[in-house]
Amino acid sequence: LDDVSRSNIEGSLFRDACFHLKATGRKEAGLKLCSAFLQQADYSIQRQDPVTGLWMMWTPNDASTNRFHPRFNVWYALSLLEAADLVSTDVIRKAKYVHGALLTARTMGKAQQSSGTIYYWNVIDDKTGSSVPIRNAACGSSVALSLKLWLRLYFDFGYESEFSEHIVRATLWLLANQYDKHHADPNLAGAYFELGFR
């Protein structure tokens, strides 16, 4: 039941639709979608782990093994920052959304290796609360999206010192793991390394 009760906030679709409708003169319909987006954000916060900032009850995370996929959680955290922007005049509500995103960002920092790598699967250690990678596959999309989350917190929300090292590591990893833009295979040209296997 929990799998189908996800908030589906990733990508902030209701927010984008809200802005589109308002920009095309359908303000009332747009406001309804903004309200729906904020309801998604509130539900996401309610279901978020208050320590790790992850959503362990929703797949692909697995609460029975403490295994989580970084990218999935970062999608949610980025949408929480979009919600924070939307309620910028409501200081308490904004702080709640930023705090939720901050928890996720910190867990991604623990998942990041000194090389900048973030692996496809990680496990939260119950005793220490730290993230232990399952060294199965480097996940370039998790590195890139975590970088985006850290940069938003750095530039837009005042967390300059906390994520500086993670930002540098992720940037260097992405630069080192990007296919040349003149690669012979146009499907790979300019892409970032992503390896997923079972």
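Reply: Contact here means heavy atoms within 4.5 Å. The model is a predicted one, in which local features need pLDDT of at least 70 and side-chain atom pairs count only at pLDDT 80 or more, while totals for chains, interfaces and linings use all residues. Residues are numbered from 1 along each chain as its sequence is written, and side-chain values use heavy atoms, with hydrogens and water left out.

Me: OK, let me pick Ser-146, then. Which residues does Ser-146 touch?

Reply: Leaving aside residues up to four places away in sequence, Ser-146 touches Val-74, Met-108 and Ile-118. Ser-146 itself sits in helix H5, which covers residues 140-156; helices (H or I, at least four residues) and strands (E, at least two) are DSSP runs, numbered from the N terminus.

Me: And is Ser-146 buried or exposed?

Reply: Ser-146 has a relative accessible area of 0%, so it is buried, a word that means under 20%, with exposed over 50% and partly exposed in between (1.4 Å probe, protein chains only). Cys-139 likewise counts as buried, at 0% relative accessibility.

Me: Speaking of cysteines, how many disulfides does a search of the whole structure find?

Reply: The search of the whole structure finds 1 disulfide, a disulfide being a pair of cysteine sulfur atoms within 2.5 Å. The partners are Cys-18 and Cys-34, whose sulfur atoms are 1.8 Å apart, and the link is left-handed, with -80 degrees about the S-S bond.

Me: Which parts does the pair tie together?

Reply: Cys-18 belongs to helix H1 (residues 13-23) and Cys-34 to helix H2, so the pair ties together parts that lie 16 residues apart in sequence. Cys-18 is buried at a relative accessible area of 0%, and Cys-34 is buried as well, at 7%.

Me: Let's stay with H2. At what angle do H2 and H3 pack?

Reply: Helix H2 (residues 27-47) and helix H3 (residues 70-86) pack at about 130 degrees, and their axes are 10 Å apart. Axes are lines fitted to C-alpha atoms, for helices over the stretch in contact, and angles run from 0 to 180 degrees between N-to-C directions.

Me: Which residues of H2 and H3 meet?

Reply: From H2 come Cys-34, Phe-37, Leu-38, Ala-41, Ser-44 and Ile-45, which meet Tyr-76, Ser-79, Leu-80, Glu-82, Ala-83 and Leu-86 of H3.

Me: What about H2 and H4, at roughly what angle do they cross?

Reply: H2 and helix H4 (residues 91-111) cross at roughly 55 degrees, and their axes come within 10 Å. In that contact, Leu-38, Ala-41, Asp-42 and Ile-45 of H2 are joined by Arg-93, Lys-96, Tyr-97 and Gly-100 of H4.

Me: New topic, the backbone. Which residues does a cis peptide bond join?

Reply: Thr-59 and Pro-60 are joined by a cis peptide bond, with omega about 15 degrees. Pro-60 is in the loop between H2 and strand S1 (67-68).

Me: What is the phi of Asn-8, and of Ser-12?

Reply: Asn-8 has a positive phi of about 55 degrees although it is not a glycine, and Ser-12, another residue other than glycine, has a positive phi near 50 degrees. Asn-8 counts as partly exposed at 44% relative accessibility, whereas Ser-12 counts as buried at 6%.
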